[in-house]
Amino acid sequence: MTYASDPAPRASGAGAQRYLDAASSEPLHPAAREVLLAALDQGYADPRRLHHQGRSARLLLDNAREVVASCLGVRTDEVTFTTSGTDAVHRGLLGLLSGRSRHGTGLLHSAVEHSAVLHAGTWSGAELTGLPVDRTGRLSPATVRSALAEAGSSPAAIALQAANHEVGTLQPVTEIADEAGDVPLFMDACASAGCTPLPAGWAVAAASAHKWGGPAGVGVMLVRKGVRWRNPFPGDDRIDERGSGFENVPAALASAAALQAVVAEREETTSRQHRLVARVREQVALTVPDVEVVGDPDDRLPHLVTFSCLYVDGEALVTALDREGFGIASGSACTASTLAPSHVLEAMGVLTHGNVRLSLSRTTTEQEVEDFLATLPRVVRALRAEVGLDT
Amino acid sequence: MTAAEGAALELDCRGQRCPLPVIELGRRHTEVPVGGTIAVASTDVAARVDIPAWCRMRGQEYVGEETAPDGVPVFLVRRSR
């Protein structure tokens, strides 16, 4: 679907700027923009107050919650708006561990979880056990089965993402929840919510609105009815006892509007993106020597592809592609704040340097993808020539 | 004698950041005959993943990891083509 406020079709060729990093942040959806502007004027009051303005804000907030619940296939009382996806991950995981403290302190997690999950797990004092993944980045139900059998006592929880944020591989959440039995599963769905329906089987989940075209500063924590979740932070006397702080009503409503639009357009968007990413996977492997295209080729997020080029510095590659008009991300050590390689690529056992993660927004065109494919081999060849390696 | 001591070529990549150790390996592995062993001493933490990945991508054999007397990891590669 196109909107009046969508960017004009972009020029190709020299001087064009193409944004291919939607997995870091999707541009604001036009549906969210309209709602945000309207709600800024109507949703400023304290939604707990009983006066007219307060009731208006409350109505907007309740509406946002209902829309998000319906789009994600959950109950309204299972939705909590948080201040970010990271906040939703922290609250979600820590609250689940806290609610399960009588059952143990162990946390099993895939080795490829987002750092927000790993940081929260470490901070909680839980005993963390990272479970190995295969070359595509997938955790197998059999690995979970043997880890549960080996663990002396039952762990407090299992943390597993819906899809990997760096390589796009979908995780078998439902099968692993089946293996886990009574052990509840925390699912980080920040990379996938909006793109793909939430898989079944989780007890607590987290999502992030700016990944689906909502504004930044809105996360969603989902706690299944009947799951024991205990607030890991100081309580607050807000509408939703699981959250804290004054609700950002306009942003929550705009996030809901974006999600609604994205879900309505999902079939068309994802089939187009899936096809374009398949083309990138195939062409990169054909046109760039010594490249490793990683992640599951089929069972993956529709809009994201990652590959690594031998002998190439990730930062140099990002800079060179930016100069050519392509905004892309890299998970290479050389571009990260630490010098450690991406723990995701490391756990998969794939090349960690010369890494590129390309992700399509809902408006990325075939022409933009073709421009990238036409440029990449030349850029990689030039960088390799600089270090004396023409492969 | 350790495998590293028996290597036909030793590459001292101490202090080099990723991807320099792999670049060094890519440039110089042809200095040993097919069947010969190359030892790469590297303080770069990415080398532990990237040297086996290089072997897989370039059709070479990854032999394993040893530790140099100064505690630095040494990665062993056998040239197979």
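**View 1. Separation of the two domains of chain A in the predicted model.** The C-alpha centres of domain 1 of chain A and domain 2 of chain A are 27 Å apart. Domain 1 consists of 18-28 + 266-386, whereas domain 2 covers 30-260, according to the domain assignment of chain A. To the contact, domain 1 of chain A contributes 28 residues and domain 2 of chain A contributes 34 residues.

**View 2. Area buried between domain 1 and domain 2 of chain A.** The size of an interface is often expressed as the accessible area lost when the parts come together. Between domain 1 of chain A and domain 2 of chain A, about 2500 Å² is buried, with 56% of this area given by carbon and sulfur atoms. On the side of domain 1 of chain A, the residues that lose the most area to domain 2 of chain A are Leu28(A), Arg266(A) and Leu301(A), which together make up 28% of what that side buries.

**View 3. Salt bridges and polar contacts between the domains of chain A.** Two salt bridges are counted between domain 1 of chain A and domain 2 of chain A. A salt bridge joins Arg138(A) and Asp296(A), with 2.8 Å between the closest N and O atoms. The count of residue pairs in polar contact between the two domains of chain A is 15, both residues being at pLDDT 80 or more.

**View 4. The side of domain 1 of chain A that touches domain 2 of chain A.** Helix H7 (249-287), strand E10 (304-309) and helix H9 (343-348) of chain A are the elements that each give two or more residues to this side. H9(A) gives the most, with five residues. By class, this side of domain 1 of chain A has twelve nonpolar, nine polar and seven charged residues.

Definitions and conventions: Residues numbered from 1 in each chain as written. Chains lettered and ligands numbered in written order. Predicted model: local features only at pLDDT ≥ 70, side-chain atom pairs only at ≥ 80, totals over all residues. Heavy atoms only, no water. Domains from an automatic or database assignment. Contact = heavy atoms within 4.5 Å. Buried area = accessible area lost by both parts, 1.4 Å probe. Salt bridge = Lys/Arg side-chain N within 4 Å of Asp/Glu carboxyl O. Polar contact = N/O pair within 3.5 Å; in protein donor to acceptor, adjacent residues only side chain to side chain. Helix = DSSP H or I, 4+ residues; strand = E, 2+ residues; numbered from the N terminus. Nonpolar A, V, L, I, M, F, W, Y, C, P; charged D, E, K, R; others polar.
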